[in-house]
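I opened this notebook to keep track of what I looked up in one structure. The entries follow the order in which I looked.

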Amino acid sequence: MKKTFAQGAALAIAAGLLWSTIGFHAKDVLATGVHWSILVLFRVSLAAAFLGMFCLVFRPSSLAVAWRDLPFFAAFGLLTQTLNYNLFFVALSHLPTQISYVLIYVASPVVMFGAAFLFREPLTARKWAALAVSLSGLVLVTNAWEPLVRSGSAVHGLSAIGVLAGIGAGIAYGSFSLFGKSGLRTHRPETFLFWALVFSAAGQAVVVFALGRGPEVLQAHSAANWGRFLWLGLGPTVGGYLFYAMALDRIEAGRAVLLASIEPVSAGVLGFFLLEERMTAVQIIGAAFVLGAAFLVMRPVKPAMKASEAAGPVSD
């Protein structure tokens, strides 16, 4: 089947939709007393096990890799999965939730600049506009400005540790686009995702025991929590990252990361319909900004323009 821009855009958006379900299920698991490190361990371990079994049954050859590729997969998994998830939870423990989520989206400029440097993707005026509109919308839709202006609040400043952890999580998240784009040159999406998850699970096991949470792994968990673990592993992890990797195989990384940024908007819509959480007028405006940014990057690069764009940044 011919790979098209429309397919890539749809896959990036589908990945964002799947990722938008993470917060609901993770919040429910953590509310039962499960530590976040255990949640991450089950998420990546179940994802690796499922994807490995799927490949073994339907495409065994996709599991075979050269020894020389293992360092790449190890770095890919430990950075984009293990480090990403752990830094994000550190940020959440030191910062208001809204600000933690916004800091994750430093991934967008990281990917745009990284892709321009590594893959010569053009930094067009359209992309710059989409980035500005998207980040503005994310601030509004997550109410990230509230903790900073709330009078009489206990929030008088931002924790340096939290800010650094949030930015680090955003860089780690963004690196998936750059590692993924590179890995797609020699491997299928399911191949590098499976091996990344294997190394991520191993790294997360080290984190769990380093935090003294090892005994909690063997504790009994409710059927409801097992259902949430399974969804987090199969839906946003296997499904979301596979869709996103397939999108990277069809469109520019800078466009893919902006399209996937509809995640918080989708989360807000899900909260409205499933949890009866109201969206304020400011959040609705922010959602419109994010969707507008996605629309800005939906237009594919015309073939006639590619040669000129490859020479350097131009207006789009």
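**Entry 1, the model.** I note at the start that this is a predicted model.

I began with the question of how much space lies in the largest pocket. The value I found is about 1,400 Å³. I then looked up its lining, which is made up of 40 residues. Closest to the centre of the pocket are G23, F24, F88, T97 and Y101. Sorted by class, the lining holds 23 nonpolar, 11 polar and 6 charged residues.

Which helices each supply at least two residues of the lining? I listed α2 (22-31), α3 (36-58), α4, α5 (97-104), α11 (223-248) and α13 (263-274). The helix that gives the most is α2, with 7 residues.

I looked up how α2 and α11 pack, and found an angle of about 150° with the axes 10 Å apart. Angles over 145 degrees count as roughly antiparallel, so α2 and α11 are roughly antiparallel to each other. Their crossing is left-handed. On the α2 side, the contact is made by I22, H25, A26, D28 and V29. On the α11 side I wrote down N225, R228, F229, W231, L232 and P236. By class, this contact has 7 nonpolar, 2 polar and 2 charged residues.

I stayed with α11 and turned to its packing against α3. The angle is about 60°, and the axes lie 8 Å apart. That makes α3 oblique to α11. In which hand does α3 pass α11, left or right? The crossing is right-handed. From α3, the contact takes in L39, F42, R43, L46, A47, F50 and L51. From α11, I noted W226, F229, L230, L232, G233, L234, P236, T237, V238, Y241 and L242. Counted by class, the contact of α3 with α11 has 15 nonpolar, 2 polar and 1 charged residues.

Last, I looked up helix α4 (residues 70-94) against helix α9 (residues 160-183). These two pack at an angle of about 155°, with their axes 7 Å apart. That angle makes α4 roughly antiparallel to α9. I recorded the crossing of α4 and α9 as left-handed. How many charged residues does the contact of α4 with α9 have? I found no charged residues there, with 15 nonpolar and 11 polar ones making up the contact.

Technical notes:
Residues are numbered from 1 along each chain as its sequence is written. This is a predicted model: local features need pLDDT of at least 70, side-chain atom pairs count only at pLDDT 80 or more; totals for chains, interfaces and linings use all residues. Side-chain values use heavy atoms; hydrogens and water are left out. Axes are lines fitted to C-alpha atoms, for helices over the stretch in contact, and angles run from 0 to 180 degrees between N-to-C directions. Helices (H or I, at least four residues) and strands (E, at least two) are DSSP runs, numbered from the N terminus. Angles under 35 degrees count as roughly parallel, over 145 as roughly antiparallel, 65 to 115 as roughly perpendicular and the rest as oblique. A crossing is left-handed if the near helix is turned anticlockwise from the far one by less than a right angle, and right-handed if clockwise. Ala, Val, Leu, Ile, Met, Phe, Trp, Tyr, Cys and Pro count as nonpolar, Asp, Glu, Lys and Arg as charged, and the others, Gly among them, as polar. On a 1 Å grid over the protein atoms alone, a cavity is a set of points where a 1.4 Å probe fits but cannot get out, and a pocket is an open set with protein on both sides within 12 Å along at least five of seven lines; lining residues have an atom within 4 Å of a point. Grid points are joined across faces, edges and corners, and a volume is the space filled by probe spheres set on the points. Contact means heavy atoms within 4.5 Å.
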